[in-house]
Amino acid sequence: MKILAVDDNKENIYMLETLFKSYGYEVESSQNGVEALEKLAEQDFDVVISDILMPEMDGFQLCRRVKMDDRLKEIPFILYTAAYTDPEDRKFALSLGVDRFIIKPLEPDAFVKIVREVIQNHKVKPLNNNKVVNKEEIVYLKNYNERLIKKLEDGMLQLEEKNKELEQSYKKVQRTLDSVVETIGLVIEMRDAYTSGHQRRVSQLACAIAREMNLSEEQIEAVRIAGLLHDIGKISIPTDILNKPDKLNKFELGIVRNHPQTAFEILKDVEFSQPIAEIVLQHHERIDGSGYPNGLKGNQILTEAKILAVSDVVEAMAFHRPYRPALGIAKALEEITTNSGNLYDPETVKACIAVFSRGFDFEKER
């Protein structure tokens, strides 16, 4: 006995071949209805077992083509499916001349038994007019399209449910990420009492600037996270240097200036959706190349890092530091305006000025 198995799923084909060959059947396979028709034109088969949902030509179309062909119409035809499970799908399949309509999954032995019965029934009583084959093309197309439309609607509903599940999962992951990021920021700030709240405030201002510059939501999110983590590299700096009330010497300054690189090493293997590690690495670069750690210039610096640089400077000048009292917002804005185009990106500076002119307040943003 020779079986033609039609399915675009390689695992299903392997299962069918293995199962029926173990019972002594010869099995040929095709990935869709078009390939199946080619094999049916070249070889003789005792039964066709076909999935329904396939590319190019599905199982319904294949069955109709077979049953309308005088040479092929006597071949027993079995449809098996996990996608078309509505009673109307079965009714439509039988109207095409299908011998059996099987819904997956089915126990292997039961599957073989059904195939044997179908073949045996055709030996005793060949297919004839007892099977109603819908020969009215307009009726066939109407019913076929109804099946496709329903399957599309079912698929859309399933897709909507999956999207809801994914959205909920994403929100949960996002909340977890936010908690981790904020916790890390708090750990860093616990070592540096004078800059308590610094990373949070930098992040708030950076996000406001990014929105003013009409950056994408993905970029704004990157700025937010990078802002909350930009000083994570300070974990390697001794607290006596962090909190030193006097000017740092050359050696101490070298240690402090290494914190962007340390931060990059900590963050580089974390799989963020945006280049957080690179943004943090570059937040002390300056567009004239005078920054650190790599002396990058102009467009070599990421936009998000340019925003972080301006935000960091403004916050640092506006609030107290161990080595000086707070200088205030006015002085900070004067600094970035004076050095716009030299140290700081002009577009970012312009956006920062606009943000404060509209009433941005660190305390209100808390």
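Arginine 201 places its charged end over the ring of phenylalanine 319, 3.9 Å from the ring centre; the criterion is NZ of Lys or CZ of Arg within 6 Å of the ring centre and within 35 degrees of the ring normal. This is a predicted model, in which local features need pLDDT of at least 70 and side-chain atom pairs count only at pLDDT 80 or more, while totals for chains, interfaces and linings use all residues. Residues are numbered from 1 along each chain as its sequence is written, and side-chain values use heavy atoms, with hydrogens and water left out.

I turn now to the ring pairs. The structure holds 9 aromatic pairs, where rings of Phe, Tyr and Trp (its six-membered ring) pair if their centres lie within 6.5 Å, and planes under 30 degrees apart count as stacked, over 60 as edge-to-face and the rest as tilted. One of them joins phenylalanine 60 and phenylalanine 92, edge-to-face, at 5.0 Å centre to centre with 80° between the planes. Phenylalanine 60 belongs to helix 3 (residues 59-67) and phenylalanine 92 to helix 4 (residues 87-95), 32 residues apart; helices are DSSP runs of H or I with at least four residues, strands are runs of E with at least two, and both are numbered from the N terminus. Both phenylalanines are buried, that is, under 20% relative accessible area, with exposed over 50% and partly exposed in between (1.4 Å probe, protein chains only).

How is the pair of tyrosine 80 and phenylalanine 111 oriented? Its planes lie at 50° and its centres 5.8 Å apart, so the pair is tilted. Tyrosine 80 is buried at 2% relative accessible area, and phenylalanine 111 is buried at 4%. Together with Phe20 and Tyr25, Tyr80 and Phe111 form one aromatic cluster.
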